[in-house]
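Dear colleague,

I am passing on to you the structure shown below, together with a short account of what was found in it. Please read the notes with the sequence and the model at hand.

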Amino acid sequence: MQFNDFKRLNHKSKLMQPKCLNCGDPFIGRIDKKFCCDRCRNTYNNRIKRNHEKNILDINRILRKNRKILKQFNPEGETTIHKESLDKMGFNYKYHTHAYSSSANNEYLFCYEYGYLIIANEKVLIINHQSNMGK
Ligand SMILES: [Zn+2]
């Protein structure tokens with residue numbers, strides 16, 4: 001092996017030295033290894049899991065609040081309100097549990113058993129889940 005080949009090889013092997021995904025320290029091991037030790041692997045995986053759990057809890061909280069707001073306006077049957085009323089109470093239009101298309105091709109968005117449809121003139125129609133809407 002020529003000296004230059006050796007240098008190149010040495011340089012390459014340095015580049016391929018894995019770095020721990022948790023602490024960032026380089027370590028010796030197979031190139032597909034991601035962590036320097038079990039502790040780092042556990043810490044990293046727990047953090048990922050915690051973040052996922054937090055996202056789920058945050059969205060659950062939003063859905064719960066949306067449901068509560070719709071419920072307040074519509075204890076039974078259906079009702080029409082100004083969209084502004086939902087806005088004021090902090091209704092989050094980004095999240096819903098499911099959608100239902102009526103025979104008139106209106107898509108109601110549901111937060112659990114309460115659904116809504118934005119209609120003309122900044123108004124919202126709020127409905128209860130009906131048994132004929134299926135699951
Ligand atoms: Zn580490």
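Tyr-100 counts as partly exposed because 16 C-beta neighbours lie inside 10 Å of its own C-beta, whereas a buried residue would need 20 or more. Please bear in mind that this is a predicted model.

Tyr-100 belongs to strand S2. Setting aside neighbours within four places in sequence, Tyr-100 is in contact with Tyr-108, Phe-110, Gly-115 and Met-133. His-129 is 29 residues away from Tyr-100 in sequence, yet the C-alpha atoms of the two are 9.5 Å apart in space.

Strand S2 (residues 98-101) runs antiparallel to strand S3 (residues 107-111), and 4 bridges join the two. Ser-101 stands opposite Glu-107 in S3. The two strands form a hairpin with 5 residues between them. In the turn, Asn-105 has a positive phi of about 65°.

Phe-110 deserves a separate note. Apart from neighbours within four places in sequence, Phe-110 is in contact with His-96, Thr-97, His-98, Ala-99, Tyr-100, Gly-115 and His-129.

Phe-110 is also one of the 12 residues in the largest nonpolar core, which includes Ile-69, Leu-70, Tyr-108, Cys-111, Tyr-114, Tyr-116, Val-124 and Ile-126. At least two residues of this core come from each of helix H2 (38-73), S3, strand S4 (114-119) and strand S5 (123-128).

Yours sincerely

Notes. Residues numbered from 1 in each chain as written. Predicted model: local features only at pLDDT ≥ 70, side-chain atom pairs only at ≥ 80, totals over all residues. Pairing = 2+ DSSP bridges. Contact = placed C-beta atoms within 7 Å. Core = buried A, V, L, I, M, F, W, Y, C linked by C-beta atoms within 7 Å.
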